[in-house]
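Subject: A structure for you to explore

Hi,

Here is the structure I promised you. Have a look at it first, and then read on for what turned up in it.

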Amino acid sequence: MFSESVLRLLTEDLLVRVLEKLGSDADRKSWRLVCKEFLRIESLTRRKVRILRIEFLLGLLQTYCNIETLDLSVCPRIDDGAVSVMLSHGSLNWTKGLRRLVLCRATGLGYRGLGQLIRACPLLEAVDVSHCWVFGDREAAALSYATRLKELKMDKCLGVTDVGLASIAVGCSNLKSLSLKWCFEISNLGIDLLCKKCLDLEILDISYLKLTSESLKSIASLSKLEMLVMVGCSFVDDVGLRFLEKGCPHLKAIDVSRCDFVSSSALTSLVSGRSSLLQIDARYCFLELSFPLVECLKNLQNLTVIRIDAVQVSDLALQIIGTSCKSLLEIGLSKCIGVTNMGIMQLVSGCESCPHLICLMLESCDMVTEKSFYDLGSRCLLLEELDLTECSGINDRALKYLSRCSGLLTLKLGLCTNISDVGLAYIGCNFPKLAEIDLYRCVCIGDDGLAALASGCKELIKLNVSYCNRITDRGMEYISYLGELSELEMRGLVNITGMGISKVAVNCRRLADLDLKHCEKIGDPGCWAIAFYAHNLRQINLSYCAVSDVVLYLLMGKLKRLQEVKLVNVSEATVRGLELGLRASCGRIKKVKLQTSLSLLLSSEILDMLHLRGCKIRWD
Amino acid sequence: MPPQNHQVQAKASPNSPSLPDFIMQHSNQQRCEDPSMSDYGIRMETLFKECNQACGTKSLLPCGSNDGIKIPNQENCQMGDTSQTGKLQDWDPSIMLENLSFLEDKIHQIRGLLHLIANKKGQQLGQPDEIITQEKQLITANLTSIIVQLISTAGSLLPSVKLAASNTSPSVGQHGQIPGITFPSGLGPSSSSIQPQHDIRDKISDQSNQIDLTNMCEMEQNHMEEHELKDEEDGDEGENLPPGSFEILQLEKEEILAPHTHFCTICGKGFKRDANLRMHMRGHGDEYKTPEALAKPNKESESEPKLIKRYSCPYPGCKRNKDHKKFQPLKTILCVKNHYKRTHCDKSYICSRCHTKKFSVMADLKTHEKHCGKDKWLCSCGTTFSRKDKLFGHIALFQGHTPAIPLDESKAPVGQADMEITENNNNNNNNKGGSINLSFGSNASSCENGIQNMMNVKGITDDPISYLSSLNFETCNFGEFNDFPRPPFEDTTKGSFPFLMSESFNYSPKCGGESCPNNLL
């Protein structure tokens, strides 16, 4: 009774304020469970909803009528029918305030449904339809109804051509941010029109498009452009960069990664005049970091991000970068040749250099050893992301030196074969916030290491222990303590049996992505457990596992959120079993990988059906 | 017949970008000014069609080294002409002013031409004589036509038309002496060929044709209009020869529609072309193999001034029929044929691609088929383009225009979705009408029913097997398992769990909304 009266003192206004302080989803969930009033407050103030299952869709939309963001990206069964039901049932209050719509991977959706949805939401400002590979010009035309659109992401909408882009450019002339990555059909013409119609563009991603420098001429006319990402535009050359040099006065970020015909000198002259530049990406672009470019980096006081993967660097260059670019937050030196301990030391230890460094990528920098981590660990205390994949010089001691970087969120130690359980113990003790760790082929680690990791890093979301052969079922039990775990990659763990995986399936409720390739001992019992308990599984790889027809069928039928399955060489499963399994999951499954030999054995009817439902089959 | 000879010439010209080309085009614009230029007019007639097509396919007419001169000239000319369109023919100071500027342009043109000639003389050394003389003729012809325009326009500046005409005639005569040009020097005021009023009007109509033509080139949307335009040209609407100054011929219908016009006098075989007949005649004996017999028959007639021939359409009541009160004669036999077929015959040629467009002239069909079935780039305003960049240029130019996506090419998944929608709609309507006892009211559970119905309906329509197998699976073997979807982190638990069951569960009677919680763990 007492507590009730206390709660009564809290007015709605106060409750809202308290709720605002709650950050994590788990906390909010606890809040919801307190009482109906709390639930009501939460539902009124909630701005974002991410739907996992279509069954909840209508109810949730009625409850959360003040949402600004609707995320349907992990709800695989959104299609035209679902949209029309969604819009014809109950009140449509939720559409009134909706500003952001995430339809990533909603391949079941067609232009009709998309058009309906877009038209129903008058205030829509941001739409994400990336990876909807079936989308074409019609869908683009449907998107163009959203006249207030400011942000559009349509990566990998493979069918969108210049015509579709033109309708978007004309319909959504207020666009500020547009990503066209992998929309291979788009050509210079479309980009030219876009640049004539959408004059407010600030962020443009044209990665991997077949554009020439002619497009950059058009892009250079965008006076408000701040960020241009053109990864892998292999037809663009220095002429294009020269156009950019003259235009785009507000350019803050440029990404010319993998542009094979862009030379270092062209980038130098583009960069040299712009002291306001914040971000330079030139990965896999040049063979070496030329001296003029390093010289002009000296003037970029505000530079926050520099990624120059796979170039040859010298200690001197790193020193210049370290001493002159004082605002650097992220340095990408992956696969760079010539990165030494000395270089790293000078990069981080020059007078008050890189005090804010958050992210450091050192993949395949062989010459880096624990010595440089002593400096790193003592100076870059704000470090959040560290990629040390294939740095064979890394050992347990290096991890110990890093112990003061307690804010570390991501740590990649793939192929660092010198890491042992001791190293994992340091990690477990020192990085409580760690969300992602990659231990791919760290063959020396075992169950004890996982125990330390699981007891220390409770926030772990992503874990990769592939080919760490010493891990047994006991290790799996430790992993199952990680309540937040959502991605687990454990390829080739031959010692794991059904027992181990069942523990993970039962306890890791949020598990969404599971890779069991070559886990040959898991067998039917393990998969059975997965089928029954891992309800949030979105993606599973069962290639080279021993699963029988019945269990496969069960798994595919029961996992209602499953979107992507890899079933290459599933021993013990027959063609008929596979077919039944595919049938059971048809409609929600969006991507299947099968061995090529099955392409002739599976009935064409099932293949057609899968295709019709927006499912892509990859033949291995 | 005369057109044949010229056709050959005209056909050859687009391939050889040279001076004659330019001049041909140029005189093309002005061909109607002077009936004495009719010889050219005919040639131009055929060329004009060629131009037409060339423009349609956007391959610009070839121009030689002289385009620097050509382009401004043409533009000037057009500007001058357009300024006159729609003006009254009465004496008017504003017209005077415009005429003056027109004169300026023309003088400019002449200067350009003369420069051209001067330049050409230097280069002609290596070229065969024939071409040189041909070019010379064309240049001088063009020069003449411009000068005639000049004179006539200058004449119109005078307050009295009569006076102008009489004033101009001597100078015309002077220019008429230029060799190789069939310019009748003895034309008096009565022949009115240079009479300013007519002249202006001619130009006006000519110009309007030109404008239409350019439109046509840009947007080849309606071929029918094109034909009508062609008709106009064929008929030479703006010619306005005074009655009696030409001879009117009227071919009979059978004659017009006859497939062959040239018949062998020996065996009776018919030919479309005189040249082919002559080739055929060689087989009848050696006397037909002499160069004289094989030569073009009407070469010699060039020198002597002929009475101009004009044609009448045999169809009574037609504007082209000589009995019509506003009779407008047709210029050539080819014009008669095309006019008659287009306006008075059935359109028996059907496009084999679209199966909708019909034509009565084979050439029209072929022109159409060239473009039909190609990617049509369509704008939301209804304009079509043969090329994507043209469409995009158009869209960039106009506010609010977007590319339209043709509806016929529908993708398979889309069709599927379509079907689903109709199914769903039916279902929803039924629900609302209450004809199916699934849901009433608008509470959440009814919605759930709705959506589940939808799913089931979909299952049935899409693939009965999948639906059945799924049902079997759920009810028979694993009826008890806890399919209760655990509330995932982002989802909230609702007060009453109306959506506990998954799609197929709706159909299994034992799993109502209440029984499911029992299944929970």
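A:Arg441 sits in the loop that runs between β16 (436-438) and α21 (447-456) of chain A. Helices (H or I, at least four residues) and strands (E, at least two) are DSSP runs, numbered from the N terminus. The phi of A:Arg441 is near 55 degrees, a positive value in a residue other than glycine. Most residues other than glycine have a negative phi. A:Arg441 has a relative accessible area of 34%, so it counts as partly exposed; buried means under 20%, exposed over 50%, and partly exposed lies in between (1.4 Å probe, protein chains only).

A:Leu415 also has a positive phi, of about 65 degrees, although it is not a glycine. Its loop lies between β15 (410-412) and α20 (421-430) of chain A, and its relative accessible area is 30%.

Before going further, please note that this is a predicted model, in which local features need pLDDT of at least 70, side-chain atom pairs count only at pLDDT 80 or more, and totals for chains, interfaces and linings use all residues. Residues are numbered from 1 along each chain as its sequence is written, chains are lettered from A and ligands numbered from 1 in the order in which they are written, and side-chain values use heavy atoms, leaving out hydrogens and water.

Now to helix α23 (residues 498-507) of chain A: which of its residues are buried? They are A:Gly498, A:Gly500, A:Ile501, A:Ser502, A:Val504 and A:Ala505. These buried residues pack against α22 (473-479), β18 (487-489), β19 (513-515) and α24 (523-533) of chain A.

On the surface, A:Leu7, A:Leu10, A:Leu14 and A:Val34 form a nonpolar patch with about 280 Å² of accessible area together. Patches are made of residues with over 30% relative accessible area and no salt bridge, with nonpolar side chains (Val, Leu, Ile, Met, Phe, Trp, Tyr) joined within 5 Å and like charges within 9 Å. A salt bridge is a side-chain nitrogen of Lys or Arg within 4 Å of a carboxyl oxygen of Asp or Glu. Accessible areas come from the Shrake-Rupley method with a 1.4 Å probe; for residues, only the protein chains shown count as cover. A:Leu7 belongs to helix α1 (residues 2-9) of chain A and is partly exposed at 31% relative accessibility.

Finally, chain B has 19 helices and 8 strands, and 47% of its 521 residues count as buried.

Enjoy exploring!

How values were computed: Contact means heavy atoms within 4.5 Å.
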